[in-house]
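Please keep the sequence and the structure at hand while reading.

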Number of protein chains: 2
Amino acid sequence: MAQALRHDAMRAGNLAVVLAALDRRGPLTRAALAETTGLTKTTVSKLVGDLIDAGMAVESGTVRDGERGRPGVVVRLSGHRVAALGLEINVDYLAACVVDLSRTVRLLRTQAVDNRAASPSDVITRLGELATGMLADAAGLGLSVAGAIVALPGPVDRSTGTVHRAPNLGWRDVAVSELLALPLPVLVDNEANLAALGELWFGSGATLGDFLHVSGEIGIGAGLVIDGALFRGAHGFAGELGHVVVSPDGPPCRCGGTGCLERYAGQDALLHPGEEIADFVARLKAGEPSAEAACGRAGSALGIALTTAVNLIDPDTIVLGGIFAPLFPWVSGPAEEAMRKRLGQMRARVPALVVSRVGADAATLGAAGQVIQRIIADPGAFLLDPQR
Amino acid sequence: MAQALRHDAMRAGNLAVVLAALDRRGPLTRAALAETTGLTKTTVSKLVGDLIDAGMAVESGTVRDGERGRPGVVVRLSGHRVAALGLEINVDYLAACVVDLSRTVRLLRTQAVDNRAASPSDVITRLGELATGMLADAAGLGLSVAGAIVALPGPVDRSTGTVHRAPNLGWRDVAVSELLALPLPVLVDNEANLAALGELWFGSGATLGDFLHVSGEIGIGAGLVIDGALFRGAHGFAGELGHVVVSPDGPPCRCGGTGCLERYAGQDALLHPGEEIADFVARLKAGEPSAEAACGRAGSALGIALTTAVNLIDPDTIVLGGIFAPLFPWVSGPAEEAMRKRLGQMRARVPALVVSRVGADAATLGAAGQVIQRIIADPGAFLLDPQR
């Protein structure tokens with residue numbers, strides 16, 4: 001089949017059209033697929049056969065097609081064979097997940113580790129070990145992993161697989177895709193962008209309209225989703241919320257500026273050195289004044305930065321993710337108060353703050369989800385790969 | 001012709017296709033128009049005839065069609081009959097312009113007047129007088145004005161022709177379209193959005209890639225142009241650069257917040273009360289220290305707000321317009337310095353600051369240009385209007 005496809009761009013395009021219809025519209029009969037796609041029933045039947053052979057679709061039950069029609073066999077997208085690997089390098093953890101073609105999360109693992117203490121190549125070697133273990137476990141589940149994307153805490157060059165600068169890791173121009181050397185295609189992307197996509201595909205994103213997703217980690221990033229797509233800016237560097245200037249004479253930031261949001265609301269400004277987020281939440285639940293005061297300061301600073309973001313980009317909703325998900329009860333009030341005070345006179349409605357439904361896993365899930373999007377956009381490329 | 005068109009949506013669509021081709025590609029023969037649009041030569045000839053009858057196109061000279069072809073008559077878009085009215089209400093002036101279908105500026109007038117001292121209905125009455133005079137002068141030039149858009153310094157509801165809130169005018173929920181009562185369709189839009197479009201169509205916009213256009217007036221607004229289109233945000237309120245928080249504990253702003261950019265870099269923060277911009281520029285040229293210091297403070301504050309804008313939306317280029325055009329030599333240096341200091345470590349290239357080529361007229365021109373866009377998108381609607 002690979003040979004035939006290689007010389008048939010139209011057939012590759014038609015495979016994508018049929019798979020996209022199954023993904024977007026759910027289970028359909030071959031007749032309904034023909035109607036939806038405008039392809040003939042004969043063509044659809046052949047393409048569905050190819051997708052079933054490739055493990056991307058399965059038959060599941062029958063329905064009556066229309067009121068008087070004969071019962072038709074329903075075809076649906078299948079997650080039993082094709083999958084994607086999502087990876088994340090962040091300042092104090094590594095994470096990996098395997099998501100199948102139906103966007104079901106099959107495996108998810110996180111390793112707490114201070115990556116600031118290690119060299120880039122050591123961190124990438126450790127991520128490679130985590131990824132290799134995930135690939136073996138995925139194979140044990142009968143899954144064939146088509147590709148991986150690595151989420152990184154800084155601006156990246158997606159075409160070369162390089163992170164330009166990750167100030168909170170102390171990295172500059174690290175060729176992550178090349179160093180990772182996994183036996184499958186590996187791309188990179190910015191973790192805040194991927195976290196927004198993670199919320200869109202695995203959280204409450206589909207119901208939110210245009211939303212800004214805020215990723216609270218050691219650094220703070222944001223991703224803006226407009227009409228179901230990520231807004232990346234002219235060079236792919238949009239959404240650097242952590243370096244929005246909250247107070248120009250404030251403390252110096254690792255980016256070279258001063259008074260950036262990260263210095264007031266990043267994880268290092270909230271937690272004790274080495275403290276886990278769960279322990280900080282425990283202190284908050286116990287009503288410890290210093291922990292509550294830290295959240296108050298962080299929430300106010302976040303509200304100022306979000307006021308600025310709303311003035312510039314005007315989203316429907318703002319989703320607080322990463323550490324701001326568990327801290328939502330303590331951070332959202334002060335942030336909302338700052339926004340209402342500054343935006344309330346100019347706008348009939350101040351954008352709602354809502355809690356992320358995927359939290360700290362958003363970027364890793366978004367990375368895998370982005371690979372799934374690529375497979376669905378071009379299943380022919382996957383079917384043609386001689387490795388599969 | 002109107003009756004025939006009324007029942008022929010396809011013909012209206014085809015008229016738009018042909019006019020858009022003349023607008024985008026310049027003069028073409030009927031044969032080249034047929035090839036470009038995919039319509040038959042007979043259909044194109046009929047549509048071109050209708051456009052010529054309506055004064056939207058003219059024949060102008062001949063060219064050889066291809067190497068061996070017979071000479072063909074060239075048709076081009078014509079500005080001799082159809083035109084648009086751009087209007088602007090700002091804090092200390094009213095402005096109006098007439099732009100013809102070929103985007104040539106035919107008339108442009110500005111009235112310096114302090115609109116804060118007058119009621120909304122008085123201001124709108126005065127704008128109506130200015131507009132009526134322009135319509136008479138346009139008629140004298142043989143121009144038929146198809147519609148008007150009013151640029152307003154605040155968030156608007158374009159569907160109802162209302163400005164929600166113009167804090168620097170002290171206006172709230174003013175139904176501008178209704179009150180203006182001109183004998184042609186009148187829409188409203190935000191002046192910073194229209195100024196960005198004015199720069200795109202009448203300034204250097206076409207060469208700038210994705211750009212952020214900053215409108216310095218009493219208030220400061222911005223418009224983001226991405227892929228040749230305006231980014232408006234979820235509710236049409238994006239680009240409120242003037243209310244980006246430069247210093248959260250700074251002086252109170254009319255928006256209800258504190259330390260907004262407008263308080264440091266708006267016209268009232270720079271000029272003496274009642275002073276004209278030309279007089280302020282004269283003081284700067286004479287090297288007056290207090291004027292230079294005011295520009296230094298404004299430039300630094302602008303640089304901080306633009307750092308934040310670059311971090312969030314990542315444009316290729318930033319265009320300084322409105323009063324920042326004549327003040328560019330004194331404001332751009334401090335702004336660039338603040339941006340370089342804060343952005344230089346994170347990005348290989350800090351977006352360039354360039355001076356607007358249309359300056360204070362950008363919003364008025366953008367308003368007329370937006371009407372021209374609407375006519376070109378649907379010339380049938382214009383041809384059908386019984387008033388014409």
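Where in chain A does UniProt place the feature "domain: HTH marR-type"? The record, an unreviewed entry, puts this feature at residues 18-61 of chain A; UniProt positions are given in the numbering used here, feature names are shortened, and annotations may be inferred rather than shown by experiment. The structure is a predicted model, in which local features need pLDDT of at least 70 and side-chain atom pairs count only at pLDDT 80 or more, while totals for chains, interfaces and linings use all residues. Residues are numbered from 1 along each chain as its sequence is written, chains are lettered from A and ligands numbered from 1 in the order in which they are written, and side-chain values use heavy atoms, with hydrogens and water left out.

**Domains of chain A**

The span of residues 18-61 of chain A is 66% helix and 16% strand, and its end C-alpha atoms lie 19 Å apart; helices (H or I, at least four residues) and strands (E, at least two) are DSSP runs, numbered from the N terminus. For chain A, the domain assignment gives domain 1 (2-77), domain 2 (82-195 + 363-384) and domain 3 (204-357), with bounds that come from an automatic or database domain assignment. Between domain 1 and domain 2 of chain A, the C-alpha centres are 31 Å apart. Their contact (heavy atoms within 4.5 Å) takes 13 residues from domain 1 of chain A and 12 residues from domain 2 of chain A. About 1100 Å² is buried between these two domains of chain A, and carbon and sulfur atoms give 78% of that area; buried area is the accessible area (1.4 Å probe) that two parts lose on being put together, summed over both. On the domain 1 side, Asp23(A), Met56(A) and Leu77(A) lose the most area to domain 2 of chain A, together 39% of what that side buries.

**Strands**

Within chain A, strand S7 (residues 144-152) is mostly covered, since eight of its nine residues are buried, where buried means under 20% relative accessible area, exposed over 50%, and partly exposed in between (1.4 Å probe, protein chains only). Strand S4 (residues 82-89) of chain A runs parallel to S7(A) and is joined to it by six bridges, and S7(A) is also joined by five bridges to strand S11 (residues 186-190) of chain A, again in parallel. Two strands pair if DSSP finds at least two bridges between them. Ala148(A) in S7(A) is the bridge partner of Leu85(A), and Val186(A) in S11(A) is the bridge partner of Ala148(A).

In chain B, strands S8, S9 and S10 form an open sheet in that order, with antiparallel pairing. Strand S8 (156-157) and strand S10 (171-175) of chain B stand at the edges, each with a single partner strand, so one side of each is left without a neighbour in the sheet. The table lists three antiparallel strand pairs of chain B.

| Strand pair | Bridges |
|---|---|
| S9 (residues 162-166) and S10, chain B | four bridges |
| S1 (residues 28-29) and S3 (residues 71-77), chain B | two bridges |
| S2 (residues 57-64) and S3, chain B | six bridges |

In S10(B), Arg172(B) is the bridge partner of Arg165(B), while in S3(B) Val74(B) partners Thr29(B) and Pro71(B) partners Arg64(B).

**Two residues of chain A**

Asn90(A) lies in the loop between S4 and strand S5 (93-100) of chain A, and at 1% relative accessibility it counts as buried. Leaving aside neighbours within four places in sequence, Asn90(A) is in contact with residues including Asn115(A), Pro153(A) and Glu217(A).

His164(A), in strand S9 (residues 162-166) of chain A, is partly exposed, with a relative accessible area of 25%. Not counting residues up to four places away in sequence, His164(A) touches several residues, among them Pro155(A), Trp171(A) and Phe237(A).

**How the two chains meet**

Chain A can be laid on chain B with an RMSD of 0.1 Å by a turn of 180 degrees and a shift of 0.0 Å along the axis, which is the relation of a two-fold axis. The copies are superposed by least squares on the C-alpha atoms of residues with pLDDT of at least 70 in both. Of the residues of chain A, Ser247(A) comes closest to the rotation axis, with its C-alpha at 2.6 Å.

In the interface, 45 residues of chain A are in contact with 45 residues of chain B, and the two chains bury about 3900 Å² between them, 57% of it on carbon and sulfur atoms. Leu312(A), Arg342(A) and Met346(A) supply 20% of the area that chain A buries against chain B, more than any other three residues. Because 100% of the interface residues of chain A are also interface residues in chain B, the copies meet through the same surface.
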